[in-house]
Amino acid sequence: MTDCVFCKILNKEIPSKIIYEDDVCFAINDINPKAKKHILVIPKEHIESLNEVQDLNLIKDLFSAIKKINKMENITAFKTHINTGKSAGQEVNHLHIHILAN
Ligand code: 5GP
Ligand code: ZN
């Protein structure tokens, strides 16, 4: 999607350090961290929100990536967070899972 910040990061149109990548998703550090470690896990496919997910295998793949990222980052205690819809706090309309660890 042309006007999406996460698609632009994936396509290297906006510089951002990709800390993890596989066939399905990638991860970056949140630009405005709300915990000591605040990582965003983002599917490569532009899907607006959890409401638009058709194949629930994607969710399994994202959580599988989260386990790998946490191992890589030595994170053992953490919260995962998905905002869905503007009034629930979703600012970027490309599905992502927050990992928050202090
Ligand atoms: P949401 O509120 O949509 O669940 O979360 C969007 C998150 O993306 C926010 O925590 C915000 O700080 C982060 N974010 C927005 N733009 C950028 C960016 O250009 N780079 C990075 N690394 N994070 C971003
Ligand atoms: Zn996108």
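Me: How many residues does helix H2 have, and how far does it reach from its first C-alpha to its last?

Reply: Happy to start there, with a reminder that this is a predicted model. H2 covers residues 57–72, so to read its length you compare its reach with what is expected at 1.5 Å a residue. H2 has 16 residues and reaches 23 Å, close to the expected 22 Å.

Me: Which residues of H2 are buried?

Reply: Buried here means under 20% relative accessible area. In H2 that applies to Leu58, Ile59, Leu62, Ala65, Ile66, Ile69 and Asn70. They sit on the same side of H2, because they cover an arc of only 135° around the axis.

Me: What do the buried residues of H2 pack against?

Reply: Strands: S1 (18–21), S2 (25–29), S3 (37–43), S4 (79–81) and S5 (97–101). And have a look just past the end of H2, where asparagine 74 takes a positive phi of about 55°.

Me: Let's take S3. Is it largely enclosed or open, and why?

Reply: Count its buried residues: 6 of the 7 in S3 are buried, so the rest of the structure largely encloses this strand. S3 pairs with S2 in the antiparallel sense over 5 bridges, and asparagine 29 stands opposite isoleucine 39 in S3. S3 and S5 also run antiparallel, joined by 5 bridges; there, lysine 37 stands opposite alanine 101 in S5.

Me: Now the metal. Which protein atoms are the donors of the zinc ion (ligand 2)?

Reply: There are Cys4 (SG), Cys7 (SG), His46 (ND1) and His94 (ND1), lying 2.0 to 2.3 Å from the zinc ion. In sequence, these donor residues are spaced C-x2-C-x38-H-x47-H. Histidine 46 belongs to the loop between S3 and H2 and histidine 94 to the loop between S4 and S5, so the pair ties together parts that are 48 residues apart in sequence.

Me: What geometry does the zinc site have?

Reply: For four tetrahedral donors, the ideal angle at a metal is 109.5 degrees. The 4 donor atoms of the zinc ion (ligand 2) make angles of 104 to 117°, and the site is tetrahedral.

Terms used. Residues are numbered from 1 along each chain as its sequence is written. Chains are lettered from A and ligands numbered from 1 in the order in which they are written. This is a predicted model: local features need pLDDT of at least 70, side-chain atom pairs count only at pLDDT 80 or more; totals for chains, interfaces and linings use all residues. Side-chain values use heavy atoms; hydrogens and water are left out. Helices (H or I, at least four residues) and strands (E, at least two) are DSSP runs, numbered from the N terminus. Buried means under 20% relative accessible area, exposed over 50%, partly exposed in between (1.4 Å probe, protein chains only). The arc is that of the directions from the helix axis to the C-beta atoms. Contact means heavy atoms within 4.5 Å. Donors are N, O and S atoms within 2.8 Å of the metal (3.2 Å for Na, K and Ca); water is not among the atoms, so sites may look incomplete. Four donors count as tetrahedral if all angles lie between 85 and 135 degrees; four count as square planar and six as octahedral if opposite donors are over 155 degrees apart and all others between 65 and 115; anything else is irregular. Two strands pair if DSSP finds at least two bridges between them.
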